[in-house]
Amino acid sequence: DAPGHADPTSAGVVRKTNGSEAEHSRLWPARRAWRTTLRDDSTVWFPDQMSHSLSAGTVVTTGGMLQLLDASSGVERWSVNISEPFSQVAVAGNVLVFAESSAVIARSRRDGRLVWRRFFSNGDSGQIKIRTNGGSENILAILDSRVVSLNSASGEELWSWPPDAGTAAKPAAARFPTASTFGQNRLLFRPAGSPDHALLDPVNGRLLRRGSLPFAAAAILELPVYGASSRTAIAGVDSDHQVQTTQLAELGIQWKHKVAAIIHGEPEILTDGEVMMVVEDRQFATRLDPETGTPLWRRPISTTPLARVTQMTVMTSKELFVATDRMVRSFSLGEGTMNWERYLGPGDWTLKLSSGELICIQSSLNEENETDEQSHAVVAILDAATGRSIQRLQFDSKVDHDDVDLQADRCVVRAGNDLIGFTAWPTTDIANVTDDPQP
């Protein structure tokens, strides 16, 4: 099969506008719409964005050339010469925002022209990370000593925390490196050299709480409160391998959970903001009550340790999906029972969730040696509710987890030096009609 071959028997799919299919994306099953060949020194970037309703395109750098390719056709929208490399790119409104070593810059999505550039001091810009700020589409720049909110249209600074930030001494910065964790509408930030974390409202920079943490933060939870707004709690794993939560400041530790084993690895926390799961020893899943830490159920989810928990599992508010043992399995978060399982094929698989579809990526053909040369790969698309196979895409080169970019109505995959775009087959929407002829 040609790279990115899609089963042509899916052409002419009919989707009912008032049925269960409406809950799924408009993309699958998909057809290959375009393919372009990259140079050996090309790097592909899929811009980060909060909304997946529209694709901003695909960014490709080759030498000192920066290109933006249209996700629907693969055609170059624009190209510009750049002098500085960047480490991240994100979409914010009408601009693409790039994180360079000492600056954040914005380019027009339409023609690539430079809209604004914001420089930061050398002591403040060791590792700039950027993130779009929800519905406001402002930019959060995470620096070594502070976090800064920038207007995406102008680059103007909206707020900064801490307001009196200074450069930390190297010994202090080494002991307390910069740390940041995002929740649904909260940001936990620790500037380099400080022992204290700050819980911030990322929209306006308002300080909500401040204090030290006796563990490395892994997740921010929103605990429901009857008749009131939710309470924010911070979860993480301490040096004794215990899972803990705290509300920070003077409120102390809320609860601790001791895991049964750590033979194959530290416990890892999975959450959607309200439901909390802990993967123990890379083989067992325990659902905890986020309010009290009480285990609600515990069960094995794999016969072998998961190599990459965060990529081989994905969770919704009702289900946990796990790719292991050449299978993908769905577990109910209510009781921990298995909903369904589906055979995928040999190798290690990683998972992504897109609307109502589960995207399974064959990231390695050899479960025991991921460095082996891989001559082909499969991306399988399943119905997340039932495990039903929707489509299998075949590629003639290795496909990594981050080589698949999913949007609501299109998908782009890098397989070796091929960049391949997929769009939906032509569809016919059926409206509600009756058998009676209309006058």
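I take a polar contact to be a pair of N or O atoms within 3.5 Å; within protein, one must be able to donate a hydrogen and the other to accept it, and residues adjacent in sequence count only if both atoms are side-chain atoms. The model is predicted, so I kept in mind that local features need pLDDT of at least 70, that side-chain atom pairs count only at pLDDT 80 or more, and that totals for chains, interfaces and linings use all residues. Residues are numbered from 1 along each chain as its sequence is written, and side-chain values use heavy atoms, with hydrogens and water left out.

**Entry 1. Aspartate 111**

I looked up the polar contacts of aspartate 111 first. Its side chain reaches the backbone nitrogen of arginine 113 at 3.1 Å. The side chain of aspartate 111 also makes a polar contact with the side chain of serine 108, at 3.2 Å. I then placed the residue: aspartate 111 sits in the loop between strand 9 and strand 10. Strands (E, at least two residues) and helices (H or I, at least four) are DSSP runs, numbered from the N terminus. Aspartate 111 is partly exposed, with a relative accessible area of 28%. For this scale, buried means under 20% relative accessible area, exposed over 50%, and partly exposed in between, with a 1.4 Å probe and protein chains only. I also noted leucine 68, which is 43 residues from aspartate 111 in sequence and 9.2 Å away in space, C-alpha to C-alpha.

**Entry 2**

Two strands pair if DSSP finds at least two bridges between them. I checked strand 9 (residues 103-108) against strand 10: five bridges join them, and they run antiparallel. Valine 104 stands opposite arginine 118 in strand 10.

**Entry 2. Aromatic pairs**

Rings of Phe, Tyr and Trp (its six-membered ring) pair if their centres lie within 6.5 Å; planes under 30 degrees apart count as stacked, over 60 as edge-to-face and the rest as tilted. The count by this rule is four aromatic pairs. Tryptophan 45 and phenylalanine 86 form a tilted pair, with 4.7 Å centre to centre and 45 degrees between the planes. That pair links distant parts of the chain, with tryptophan 45 in strand 3 (residues 42-45) and phenylalanine 86 in strand 7, 41 residues apart. Phenylalanine 86 counts as buried, at 11% relative accessibility. Phenylalanine 86 also pairs with phenylalanine 98, edge-to-face, at 4.9 Å centre to centre and 70 degrees between the planes. Here phenylalanine 86 is in strand 7 and phenylalanine 98 in strand 8 (residues 95-100), 12 residues apart. Phenylalanine 98 is buried, at 1% relative accessibility. I recorded Trp45, Phe86 and Phe98 as one aromatic cluster.

**Entry 3. Arginines over rings**

A charge sits over a ring if NZ of Lys or CZ of Arg is within 6 Å of the ring centre and within 35 degrees of the ring normal. Arginine 131 lies over the face of phenylalanine 182, 4.1 Å from the ring centre. Arginine 298 lies over the face of phenylalanine 284, at 4.4 Å from the ring centre.

**Entry 4. The sheet with strand 2**

I found an open sheet of four strands in the order 2-37-36-35, with antiparallel pairing. Strand 2 (30-37) and strand 35 (404-406) are at the edges, each with a single partner strand, so one side of each has no neighbour in the sheet. The twist here averages 15 degrees from one strand to the next. Three bridges join strand 35 to strand 36 (residues 410-415), and these run antiparallel. Aspartate 405 stands opposite valine 412 in strand 36.

Is valine 147 buried or exposed? Valine 147 counts as buried, at 0% relative accessibility, and lies in strand 13 (residues 147-150). Leaving out residues up to four places away in sequence, valine 147 touches several residues, including Trp159, Ser160 and Phe189; contact means heavy atoms within 4.5 Å. Asparagine 138 is in strand 12 (residues 138-142) and is buried, with a relative accessible area of 13%.

Conventions:
Axes are lines fitted to C-alpha atoms, for helices over the stretch in contact, and angles run from 0 to 180 degrees between N-to-C directions.
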